[in-house]
Amino acid sequence: MARWDEILSLPVQNPPTLEFSANDLVWSKIEGWRDNIDRLALIPFDRVADFVRGESANKDCPTRFHVEARRRRPTEASYKQKVDGILEYILYWCSFGPDDHRKGGIVRPSRTTYVPKKKNAGRPNTKRGCTCHFIVKRLIAEPSVALIIYNQDKHVDKKGLPCHGPQDKKAEGTRAMYAPYISDELRLRVLSLLYVGVSVETIMQRHNESVERQGGPCNRDDLLTHRYVRRQERSIRRSTYELDTDDAVSISMWVESHHNHVFFYEDFNNSDPFTLGIQTEWQLQQMIQFGNRGLLASDSRFGTNKLKYPVHSLVVFNSEKKVIPVAWIITPRFATADAHKWMRALYNRVRTKDPTWKLAGFIVDDPLTDIHTIRDVFECSVLISFWRVRHAWHKNLVKRCSETEMRVQMSRRLGDVVDDISSGHGTLDLFEVFIEDFVDGSDFMDYFKAVWYPRIGIWTAALKALPLASLETCAAMELYHNQLKVRLLSEKDPGVYQRADWLVDKLGTKVHSYFWLDEYSEKDDFVRYWKDEWATGLTAWRRALNVPDVDVVMEGRCAKVNDQFDRDKVHVVWNPGSDFAICDCSLAEMGNLCEHVIKVRRICHEKGYRRPSISLLQYNHALIDMLYCPPHDSLIHDHAVSLAVAVNKELDALVDLGSSHFTVDPILKQAAETRAVQNSA
């Protein structure tokens with residue numbers, strides 16, 4: 001038992017990279033059976049797949065490891081708690097072995113039925129007697145840990161000679177020079193293009209042109225074959241979402257066959273509702289890359305009126321401040337204590353990949369969201385986004401109020417009410433006054449009192465308790481919501497919307513493919529296949545940056561902005577400078593934020609026509625509170641001040657964007673002076 005005591009005393013290594021190889025681990029040599037010395041290391045069991053991928057991506061000898069043998073103890077079987085007990089045993093072997101199909105090679109007795117193919121189609125030269133392999137053991141004593149035994153780490157045959165890769169001279173000119181299979185990245189690209197309707201011939205044509213431009217093949221991906229792409233296309237064409245006539249059974253079957261895409265699953269029972277959390281490997285990578293020290297936002301209740309179960313999206317923001325969905329949660333109800341389970345599962349999955357991952361903030365769009373659970377799981381601050389409410393109010397104002405002047409006044413009042421409540425000065429009574437003052441707008445008021453008045457109390461409490469997300473965030477979330485609507489709800493037969501298995505299948509295939517292609521740098525090569533679902537582009541905030549200042553003219557209570565495509569066309573923006581401004585462009589009439597409203601708002605703030613946005617006002621108040629808070633430790637206080645100044649400079653650079661005009665709002669000066677007086681008193 002001394003051997004196992006020594007093994008269990010080894011540290012569990014968890015490199016902070018998406019994939020890692022044997023070179024990233026510290027190996028220990030411990031005496032094994034028959035006086036052999038084993039080369040051992042401990043890693044989290046959930047990261048075995050990352051180790052396999054990293055070891056396969058060996059630059060000196062690219063390959064792929066397959067499961068040669070596996071033994072797994074049944075979950076329902078009883079067993080004793082033994083130190084050397086094994087829950088699972090997996091033998092991974094280099095795919096160029098262990099058999100040797102070369103001339104004079106050795107084939108195991110159980111493989112004597114192998115018949116060499118007449119043509120070198122399929123996988124020629126894949127079995128060359130490579131002895132490289134390693135063993136993974138999941139111990140009863142530590143089920144969360146994997147013991148890796150890696151004694152044969154050289155890619156050589158039984159004679160000790162290189163048998164594949166660049167070091168094997170006999171492999172020159174054959175596919176044994178490269179890995180036996182294409183990379184996961186190329187496979188995902190091929191599948192994504194096929195799912196969105198690109199033909200096999202076009203994919204191969206673009207691929208061959210790319211290989212020719214680089215002067216010929218230099219890795220396994222360059223050897224992509226027409227046969228492989230055609231086989232994938234046939235598999236997609238023959239697949240179906242309806243695995244069983246019973247929707248619940250069909251979902252269970254999908255989960256069984258897509259373990260890598262599911263981070264949480266709970267079927268209906270007496271106490272808990274059905275919940276399914278979907279996250280592909282690519283989405284996990286995006287969450288780690290852009291979510292670390294960044295923001296995670298929630299788009300809840302998508303498809304409430306059409307789908308059997310609404311979709312809850314979690315998204316991050318890339319370098320262009322565009323949204324990337326990193327997880328989809330499907331469940332009949334949200335904003336309850338049930339969210340703690342799937343949130344904890346998602347957080348643990350990310351932290352298993354990157355132990356240093358930490359979220360800076362979580363943005364919610366529903367006041368009923370379980371804020372305490374978010375703070376408990378993600379250990380970050382929580383903000384609230386008002387974009388969904390603003391969108392609904394704006395859309396219905398345009399639809400139900402035909403008089404422009406009345407519409408403008410109602411929108412301005414709603415904006416002022418929200419600003420006053422968010423800044424801490426207003427109460428629920430402001431909405432009562434709003435309803436009384438605009439009783440003439442009966443059509444909109446009937447809608448407002450029926451739909452929103454019962455929720456106003458909850459929203460008022462949320463706006464007072466949580467910081468308000470910026471308009472740039474709202475523009476990004478609005479674009480994502482519209483993209484998801486076009487890409488998901490585009491079926492000719494609306495009856496499929498009542499099938500949960502259809503929803504799961506489409507999210508994991510077509511919808512995922514469209515968002516993956518949004519980040520694909522060479523997607524313009526397939527422009528002839530673009531449909532409405534391909535539509536992407538910049539957010540309204542980013543489009544506003546492309547509008548020159550000279551194209552904006554302030555005229556009294558409105559502003560005029562020249563159209564960037566039709567120079568003879570001018571858009572009128574009422575309530576300039578407000579987040580609730582009204583524009584006469586087609587995009588704004590559907591309730592969306594447009595670049596004209598955002599551009600006018602920026603100019604009004606730069607020239608001091610309007611006070612800073614509520615989100616910036618709340619940020620300044622937070623800085624003032626921190627600076628005037630009596631410090632318990634002078635060193636901590638100095639560090640906080642320096643950090644706040646650094647963050648303030650970065651925000652100024654982002655907000656100013658090269659403009660030398662910046663007017664300090666007297667309200668902020670007064671707030672700072674007031675806090676100073678209170679602190680001195």
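Which residues in α4 meet which residues in α5? I looked this up and found V200, E201, I203 and M204 in α4 meeting H226, V229, R230 and E233 in α5, where contact means heavy atoms within 4.5 Å.

**Ground rules.** I am working with a predicted model, in which local features need pLDDT of at least 70 and side-chain atom pairs count only at pLDDT 80 or more, while totals for chains, interfaces and linings use all residues. Residues are numbered from 1 along each chain as its sequence is written, and side-chain values use heavy atoms, with hydrogens and water left out.

**Helix pair.** I noted that α4 covers residues 200-213 and α5 residues 226-238; helices are DSSP runs (H or I, at least four residues), and strands are too (E, at least two). They pack at about 145 degrees with axes 10 Å apart (lines fitted to C-alpha atoms over the stretch in contact, angles from 0 to 180 degrees between N-to-C directions).

**S298.** Next I turned to S298, which sits in strand β9, residues 295-302. S298 counts as buried because its relative accessibility is 6%; buried means under 20%, exposed over 50%, partly exposed in between, with a 1.4 Å probe and protein chains only. Beyond four places in sequence, I found S298 touching residues including H312, F362 and M477.

**Cores.** Then I checked the largest nonpolar core, which has 80 residues, with F378, W393 and F448 making the most contacts inside it. Such a core joins buried Ala, Val, Leu, Ile, Met, Phe, Trp, Tyr and Cys residues through side-chain atoms within 4.5 Å. Helix α13 (residues 442-465) gives the largest share, nine residues.
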